[in-house]
Amino acid sequence: MTLSIPFDNSYARLPEAFYARITPARVAAPKLIAFNAELAGELGITGAEDPLLAAIFAGNTLPEGADPLAQIYAGHQFGGFSPQLGDGRALLLGEVLDKAGIRRDIQLKGSGPTPFSRRGDGRAALGPVLREYVLSEAMHALGVPSTRALAAVRTGDDVYRETILPGAVFTRVASSHIRVGTFQLFASRQQYADLQQLYEYTRARHYPETTTPGEMLAAVCQRQAELVAQWMSLGFIHGVMNTDNCTLSGETIDYGPCAFMDQYHPDTVYSSIDQHGRYAYQAQADIIVWNMAQLATAMVPLVQDQDAAVAEFTEIINAMPNLIRGAWLTRFGAKLGLAAPQPEDARLIADLLQMMQAGGSDFTNTFRGLVTGSARDEITDRAAYELWHARWQERIASEEAPEARMRAANPAFIPRNHRVEQMIAAAMEGDESLFHHLNAVLSRPYEDQPEAEELRRPPLPSEVVQATFCGT
């Protein structure tokens, strides 16, 4: 049966200032690693048995209706503005309306050079492709708004980085790939007609309930506040919160130097390129406000009375820290079994985190241990924990079904960094079984799964991953 993707490519109907049309580069010997049949079904894709599946998702064969293009955008990278970035190794194949009526992008990553490659080869190595597949699907299973993984393909070609690596192509699905940096591009170039069209397109696609730029900005800020609070409640560190990695849809995107914390510390950094901790775990709450301020600045030209726009937008941005604090309290309150946490509960949460930091406690296992009774084993200061535990028990005594709430908020399984690295190392030697095992276990992160208990273990000292990399 021939693969059929019901394309309806609205972004390709925008002016050519938004993208560059280009076809994927051919690869030598495409071989399918994984195809997400469940996601394909949601997208209305049929013909998963097509023998050309590997060739299609490697870019060698274009499916009917595809209109491949590389999107252009700008962005602040570690605080410095780059006036032109764009898809340097990715192509938007097109869009579909999924079975829920939601428009979603299908994009190839690692599909060859584009006009925005900035002297890069446009290729992807196998490790980053498998990492993004596992991380994005795990985040989805954890309930976090995220891009999704549709396919991963070996190319049969080598990729040259510090060493020679096997190449691969990743197929990513997103509600859209519109970024803060997309708005910044047109604003910085004073292409105000294009900026207006981008705003109208984004509003219609993601925020049809809004009627003004200010209303849309407030809605984007709300989504981003909730997203970052959810990241933090799971111990997730994005690693590169540049404005070109910040979507208007409110989805997590670009799983490069990201990681889930093992030992809790608010200043944890994994990214090899984040030398000063700009995107550390705790800093994410401040950085998302900064990113939204850049979006607000880019949107000011959309309003005729720009002084009024500055005043309105400033008020929206200034309100964002309180949005984040409220979302953080809701998320962490649920981790303690609280249905409607109150401001004074922040002290209870903070005291637990302080004990965890002092003793180097494992973030995920400590919170899961509140469900199973093993949390005290994660805290080195037992006396302090017992005093805290008594306070906590008194607080949740009047709660209905706190254990069910905690089970739904505290995963047993996360994609631990050392397990991801072990999976990649095995795949580099031709063994993909760990990749498939990780995906299977992480698809049910809130279930106990005693047969997979080994995946809950924090890294031994010899297994600790000190840094993660962009993979570009």
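This is a predicted model: local features need pLDDT of at least 70, side-chain atom pairs count only at pLDDT 80 or more; totals for chains, interfaces and linings use all residues.
1. The structure holds 1 cavity of 30 Å³ or more.

2. Two elements, α6 and α7, each give two or more residues to the lining of the largest cavity. The largest share, 4 residues, comes from α6. By class, this lining consists of 7 nonpolar, 7 polar and 1 charged residues.

3. The second largest pocket holds about 470 Å³ of space. Its lining comprises 26 residues, of which I102, P145, S175, S249 and E251 are the closest to the centre. Two or more lining residues come from each of β7 (103-109), β10 (164-174), α5 (192-206) and α6 (213-233).

4. Helix α6 gives the largest share of the lining of the second largest pocket, 4 residues. The class counts for this pocket are 8 nonpolar, 7 polar and 11 charged residues. Helix α6 also makes the largest contribution to the lining of the largest cavity, again with 4 residues.

5. The geometry of α5 agrees with expectation, because its 15 residues should span 21 Å at 1.5 Å a residue and its end C-alpha atoms are 21 Å apart. The buried residues of α5 are D194, L195, L198, Y199, Y201, T202, R205 and H206. These buried residues pack against β6 (90-97), β7, α4 (180-188), α6 and α7 (284-299).

6. Leaving aside residues up to four places away in sequence, H206 touches S175, S176, I178, R223 and S249. Of these contacts, S175 and S249 are also among the residues closest to the centre of the second largest pocket.

7. The structure holds 0 disulfides. For C246, the nearest cysteine sulfur is that of C221, 9.4 Å away; a disulfide would require the two sulfur atoms to lie within 2.5 Å, so C246 is in no disulfide.

Note on methods
Residues are numbered from 1 along each chain as its sequence is written. Side-chain values use heavy atoms; hydrogens and water are left out. On a 1 Å grid over the protein atoms alone, a cavity is a set of points where a 1.4 Å probe fits but cannot get out, and a pocket is an open set with protein on both sides within 12 Å along at least five of seven lines; lining residues have an atom within 4 Å of a point. Grid points are joined across faces, edges and corners, and a volume is the space filled by probe spheres set on the points. Ala, Val, Leu, Ile, Met, Phe, Trp, Tyr, Cys and Pro count as nonpolar, Asp, Glu, Lys and Arg as charged, and the others, Gly among them, as polar. The expected span of a helix is 1.5 Å times one less than its number of residues. Buried means under 20% relative accessible area, exposed over 50%, partly exposed in between (1.4 Å probe, protein chains only). Contact means heavy atoms within 4.5 Å.
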